[in-house]
Amino acid sequence: MKNILSVNDITVAFNNADGEITALDKVSLDIKQGEIVAVVGESGCGKTVLCKTILRILCSRGTVKGGEIFLDGCNLLDLTEKEMRGVHGRDISMIFQNPLTSLNPSISVGKQIAEVMRTHTRITRTEAVERTLRLMEEVGLSDAGERYDQMPHHFSGGMRQRIAIAIALAANPKLILADEPTTFLDSEIQEQILDLIKNYSRKNGISVIFITHDLSIVENLADRVIIMKAAKVVESGTTEHIFSRPVHEYTRQLINYANYGKRSSHFHGRPNRDPEMKNEKLIQINKLTKSFKLGRKKKNRVLMDFDMNIYRGEIVGISGPSGCGKSTLARCIMGIYDIDDGSITYNPEKDKADVRWRQMIFQDSFSSLNPGMTIEKIIGEAIRIRDGKFPERELILRLMDEVELERELIDRYPYEISGGQRQRAAIARAISTNPEFIVADEPISSLDVSIQAQIIHLFKRLNSERGITMMIISHDLPMMMHICDRLISLPYLKGEKS
C-alpha cells in the first residue's frame, strides 16, 4: 500500500518575547492509504502544530525551519498559498476540536456541507443538495431533509461534530486530520463518533491522523500510534505493540493514565458534609421550562417542569449525555437565556442584571478568552466593569497566585499559553469579583488527564477557602462523584432526582 503522506524531519519554531521556541523537532511519520494513525501526547507536545504545518496554516510567528511534507508525491511546502487553498477540503480535510467554533453560525448546516462539494467538485446545486442529504444521513443525522436548513446552534455537541465530519468528508479527501474531535463529548457519543470515523475510513480508503491526549480512546481505533513529547516523536509502532510492549517511560506513563485516569484513584474523595451546613437555599428553581425554535413551526423542548435547589456553600454536579439540557440549565441560571415558564429565585433576591455575584467558567477556555487581551487584562476586566477602573497589577498577581498560574505569564496572550494555563486564567477571572456562585460547564474536558486533577483540586480548595457555591457540569461521572456534595444525573433533565 502506497504512502499518502510522508513527513520527513520537519522542524518548526515560534518567535515570541522570550526568543525562539522549537515546537516540532525533526518529526517524521508516514501514513498509508486507508490507515488510521493516532498522534498522542499532552498539551504543548506539538500535536496541533503538526496538523497546522501539514495544512500550512501556521500563524505569522511560526516558521518551518527544515524538512519536507509529501502528500501523494507532492511536496506541500513548495506550493503557493493559492495552490494550498485548492488542497484544503479537496485533498486534506480537518475536523477541529470544537465544532461550534469551526462551523459558520450564520449559514445553515446543509449549505455549509454543500458549499464544500460545489467548491471542489463539478456538480450542480441540485446534485450538491442531494449528495448533502445522503451524507447527512450517513453520518447519523436523521431527518436530513428537515435539518438541512437549521443553524449550528440548533444541534447538540455530538450532532455538531457529525456535521463537522460531514463537511470534512464532503469532497472525499485523501487525508483527514482529526484534532481532538471527541474531547467535548460524553462517552456514549464519543464512541459513536470514533466508530463513524473508523468505518468511513475503512469503507472509502481515507487516511486519518487522529490527534489526542488520551491514549485510551485510540486502542480500538488506530492501526498505529505515534507518541510525542516536548516537540519530538519518542516512540511509534503498531497499536498492539504500543499497548502491550511500550519502550519509552513516557509511553508507559500515558498508558497508566489510560488505565486509571478517570477512575476514583485519580481524584481524592470528598468528605460528606453535615447536612445542617447546607440547608440554606441560594437558588431555587421551580417548574423551569425552556425550548428552542426549530424553524417556523417546530420547537425543541430541552427542559420541562424542572425543579432544583442549590444550597449555599455546596458543590452540586449536573451530569448527563450530550443534548440532555445541562448547558441550557446553566445558561438559564446565569440569565443568558430567557425561560419559557417557571421561575428561578435567588436568595436573597438579587439584581438579575448584575452578574457580578455569579460567574461562569466555560468549556472551551480558548474561545471564552479575548485573544486580543493579555492575561492581566482578561483577569482584571470584571473588576474594571464593577469599579470603573482597572485594578492594580499586584491584585492580578495575587489572583494568579491563588489559582496557581505562573506570574511570568501576566503579559502573555491566550494563544501563547497552554490549555491548563488558560483554564486557570478563566478561573482567576471568575473569582476576581468575589462571587457567591460559580457555574463550571465541562471545565476539564479539553485538558490532559494530569491537568484535570489539578483543576478539580483547585475547585475544591476555592470552595473550601472562599465558601463559593458551585454547580459543575460534566459527563465524567467518576470525577463528579468525588468532588460533588450532590449529583443530579438523568438522561434528560425533566426534574430533580439526586
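Guide: Two strands are said to pair if DSSP finds at least two bridges between them. Strands (E, at least two residues) and helices (H or I, at least four) are DSSP runs, numbered from the N terminus. The model is predicted, with local features requiring pLDDT of at least 70 and side-chain atom pairs pLDDT 80 or more, while totals for chains, interfaces and linings use all residues. Residues are numbered from 1 along each chain as its sequence is written, and side-chain values use heavy atoms, leaving out hydrogens and water.

The part in view is an open sheet of 5 strands, in the order E15-E16-E17-E13-E18, and its pairing is parallel. At the edges are strand E15 (358-361) and strand E18 (486-489), each of which pairs on one side only. From one strand to the next, the twist averages 15 degrees.

Within this sheet, 5 bridges join E16 to strand E17 (residues 469-474) in the parallel sense. Ile438 is placed opposite Met470 of E17.

Two helices accompany these strands. Helix H16 (residues 449-466) packs on the sheet and touches E13, E15, E16 and E17 (contact means heavy atoms within 4.5 Å); the direction of H16 makes about 160 degrees with that of E17. Helix H11 (residues 326-333) lies across strand E13 (315-319), E15, E16 and E17, and runs at about 150 degrees to E17. These angles, on a scale from 0 to 180 degrees, are taken between N-to-C directions of axes fitted to C-alpha atoms, for helices over the stretch in contact.

Is Ser432 buried or exposed? Ser432 is buried, because its relative accessible area is 6%, and buried means under 20% (exposed is over 50%, partly exposed in between, with a 1.4 Å probe and protein chains only). The side chain of Ser432 reaches the backbone oxygen of Arg429 at 2.8 Å. Leaving out residues up to four places away in sequence, Ser432 touches Ile379, Ala382, Ile383, Arg386 and Leu399.

A nonpolar core is a set of buried Ala, Val, Leu, Ile, Met, Phe, Trp, Tyr and Cys residues joined through side-chain atoms within 4.5 Å. The largest one has 54 residues, and Leu135, Phe210, Leu215, Val218 and Val225 have the most contacts inside it. Leu399 is listed in a second, separate core of 39 residues, which also includes Ile315, Leu397 and Ile483.

Notes. A polar contact is a pair of N or O atoms within 3.5 Å; within protein, one must be able to donate a hydrogen and the other to accept it, and residues adjacent in sequence count only if both atoms are side-chain atoms.
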